[in-house]
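Let's walk through this protein together, one question at a time. Have the viewer open and follow along.

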Amino acid sequence: QVQLVESGGGWVQAGGSLRLSCAASGFTSRPQRMGWYRQTPGKQRESVATSDSGGSTSYAASVKGRFTISRDNAKNTVDLQMNSLKLEDTAVYYCRVDHYYNAWWGQGTQVTVSS
């Protein structure tokens, strides 16, 4: 019933920008936490940026100052603005929603940063 639909991934040159969007549906109340995670082959999936329902945000050190997470509570969406992209940002990015001891994941969207 709960679905997360991601969009915005793609191929971009280093130094460029992308904006990822995630639309959550099937929730009867505001999700407690929404965020973005990423994973590359051979590495553990890591948190990139999260946002609590109250607006508190958290960022991985590697993206702080370059990425910005934002929520639209009316639309139940969470976006990730990615600026000054680096080669090491290449990964599959996943939207995640945490709500009352449950977690849901999007299907993932590929972000490829080229030199």
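A salt bridge here is a side-chain nitrogen of Lys or Arg within 4 Å of a carboxyl oxygen of Asp or Glu. This is a predicted model, in which local features need pLDDT of at least 70, side-chain atom pairs count only at pLDDT 80 or more, and totals for chains, interfaces and linings use all residues. Residues are numbered from 1 along each chain as its sequence is written, and side-chain values use heavy atoms, with hydrogens and water left out.

Q: How far apart are the closest N and O atoms in the salt bridge between D89 and R38?
A: Start with where the two residues sit: D89 forms a salt bridge with R38. The pair links distant parts of the chain, with D89 in the loop between strand 8 and strand 9 (91–99) and R38 in strand 4 (residues 33–39), 51 residues apart; strands (E, at least two residues) and helices (H or I, at least four) are DSSP runs numbered from the N terminus. Both D89 and R38 are buried, where buried means under 20% relative accessible area, exposed over 50% and partly exposed in between, with a 1.4 Å probe and protein chains only. The closest N and O atoms of the pair are separated by 3.0 Å.

Q: Which parts of the chain does the salt bridge between D79 and R19 tie together?
A: In this salt bridge, the closest N and O atoms of D79 and R19 are 3.2 Å apart. D79 counts as buried at 15% relative accessibility, whereas R19, at 40%, counts as partly exposed. The two residues are 60 residues apart in sequence, so the pair ties together strand 8 (residues 77–82) and strand 3 (residues 18–25).

Q: How many salt bridges does a search of the whole structure find?
A: Another example joins the side chains of D98 and R96, at 2.8 Å from N to O. D98 is buried, with a relative accessible area of 15%, while R96 counts as partly exposed at 21%. Salt bridges that share partners also join R38, E46, R66 and D89 into one network. For the whole structure, the search finds six.

Q: Which residues have the most contacts inside the largest nonpolar core?
A: In soluble globular proteins, nonpolar side chains tend to be buried together. A nonpolar core is a set of buried Ala, Val, Leu, Ile, Met, Phe, Trp, Tyr and Cys residues joined through side-chain atoms within 4.5 Å. Among the elements that give two or more residues to this core are strand 5 (46–52), strand 7 (67–72) and strand 11 (109–114). The largest core has 25 residues, and those with the most contacts inside it are W36, F67, L80, M82 and Y93.

Q: What is the radius of gyration of the protein?
A: The protein has zero helices and 11 strands, and its C-alpha atoms fill a box of roughly 45 × 25 × 20 Å along the principal axes. The radius of gyration is taken over C-alpha atoms, and the globule rule is 2.2 Å times the number of residues to the power 0.38. That rule gives 13 Å for 115 residues, and the protein is close to this value, so it is as compact as a globular protein of that length: its radius of gyration is 13 Å.

Q: Which backbone nitrogen does the side chain of H99 reach?
A: H99 has its place in strand 9. At 9% relative accessibility, H99 counts as buried. Its side chain reaches, at 3.4 Å, the backbone nitrogen of Q32.

Q: Is N76 buried or exposed?
A: N76 lies in the loop between strand 7 and strand 8. Its phi is near 55°, a positive value in a residue other than glycine. With a relative accessible area of 12%, N76 is buried.

Notes. A polar contact is a pair of N or O atoms within 3.5 Å; within protein, one must be able to donate a hydrogen and the other to accept it, and residues adjacent in sequence count only if both atoms are side-chain atoms.
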